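Subject: Structure handover

Hello,

Please find the structure below, followed by notes on what was found in it.

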Amino acid sequence: MKKALFVIAAICACLMVVSVNAQEWKSGIQWKEPPVVDPGPETAPANVPSDAIVLFDGKDMSAWDNGENWKIEDGVVYSGRGYVTTKQVFGSIQLHVEFATPSEVKGEGQGRGNSGVFYGPYEIQVLDSYINKTYYDGQCGALYKQNPPAVNACRKPGEWQTYDIIFMRPIFDGEKLVKPGYVTVFQNGVLVQNHLQIKGETSFVQPPKYSNFNAQQPVRLQDHGNPVRFRNIWVREISDDPVQPIEDESPVKPFDVFGPQD
Ligand code: MG
């Protein structure tokens, strides 16, 4: 009897935790609506730089864990059952992703063409935000729940779009944050996030905080129950330092540049 009561109490406690966890966290910030910018018509797949690591070339999803559960058809892959996560992990990266939300418009708000491009636990939202209002820090191009895109540069549902993302990884000393992460995003060639400081993981239920201290992270694509298409995905690992010092034995002095002053 005691055991049965204990089990019931444990189940109730679990349900309470689940219901509390399922509550949406809101930042309380009143964002302005990002103005709409027409990025122009869709384009052919972008070129792949010679030093890029190709994550999806239209043929197979072997670079990804769970890739077998995403269907490939005519050179594109459809978001399927569960997230896909690259087998390889990366430091700071330049990431190129092409995506198209479903041409058949179904649902609204967060329920329309939802997916996401992640570096580890940090999501750049993928959503059909073409005449589809939702909370601004959750629309397409947002660093989810942290910052809305500067502008709404979405193409129409079904049209191919591009993300060019620079994720500068956070630097940790053990579990101590030494330097936060930063993200820059171009959507369809239009700047939507400009060297934005990442406050931590992008969660629906919690304020952002850093709790994944891995120095390298995989790229992940979200399954949110909507058949978003992807093609031409590649990544380049980049330096953690945006500015590389010039290593020169005889540094140039102002005198050398401007000549003798008198
Ligand atoms: Mg998403």
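**Serine 115 and its surroundings**

Not counting residues up to four places away in sequence, serine 115 touches Ser79, Phe99, Val126, Leu221, Gln222, His224, Asn226 and Val228. Please keep in mind throughout that this is a predicted model. Serine 115 lies in strand 7. There are 26 other C-beta atoms within 10 Å of serine 115, and the cut-off for a buried residue is 20 or more, so serine 115 counts as buried. Leucine 127 is twelve residues from serine 115 along the chain, and their C-alpha atoms are separated by 6.3 Å.

**Strands 7 and 8**

Strand 7 pairs with strand 8 through five bridges, in the antiparallel sense. The two strands form a hairpin with two residues between them. Glycine 120, in the turn, has a positive phi of about 60 degrees. Tyrosine 119 has tyrosine 122 in strand 8 as its bridge partner.

Five of the five residues of strand 8 are buried. In a regular strand the side chains alternate between the two faces of the sheet. In strand 8 both faces are covered: Tyr122, Ile124 and Val126 are buried on one side, and Glu123 and Gln125 are buried on the other.

Threonine 85 has arginine 220 in strand 14 as its bridge partner.

**Strands 6, 9 and 12**

Strand 9 is antiparallel to strand 6, and seven bridges join them. Here glutamate 98 stands opposite threonine 162 in strand 9. Strand 9 also pairs with strand 12, again in the antiparallel sense, over six bridges. The bridge partner of isoleucine 165 is valine 185 in strand 12. Strand 9 is largely enclosed by the rest of the structure, because six of its eight residues are buried.

**The largest nonpolar core**

Which residues touch the most other members of the largest nonpolar core? They are Val117, Ile165, Phe167 and Phe230, out of 43 residues in this core. The elements that give two or more residues to it are strand 1 (53-56), strand 6 (93-100), strand 7 (115-119), strand 8 (122-126), strand 9 (161-168), strand 12 (182-187), strand 14 (219-221) and strand 15 (229-237). Strand 6 contributes the most, with five residues.

Phenylalanine 230 is in contact with Phe56, Val76, Val77, Val97, Glu98, Phe99 and Leu221, leaving aside its neighbours within four places in sequence. In soluble globular proteins, nonpolar side chains tend to be buried together.

**Leucine 196**

Leucine 196 is in strand 13 (residues 190-197). Is leucine 196 buried or partly exposed? A residue needs 20 or more other C-beta atoms within 10 Å to be buried and 12 or fewer to be exposed. Leucine 196 has 17, so it is partly exposed.

Valine 183 is 13 residues from leucine 196 in sequence, with a C-alpha to C-alpha distance of 5.1 Å. The contacts of leucine 196, leaving aside neighbours within four places in sequence, are Leu143, Asn147, Tyr182 and Val183.

Regards

Methods:
Residues are numbered from 1 along each chain as its sequence is written. This is a predicted model: local features need pLDDT of at least 70, side-chain atom pairs count only at pLDDT 80 or more; totals for chains, interfaces and linings use all residues. A nonpolar core is a set of buried Ala, Val, Leu, Ile, Met, Phe, Trp, Tyr and Cys residues joined through C-beta atoms within 7 Å. Helices (H or I, at least four residues) and strands (E, at least two) are DSSP runs, numbered from the N terminus. Two residues are in contact if their C-beta atoms, placed from the backbone, lie within 7 Å. Two strands pair if DSSP finds at least two bridges between them.
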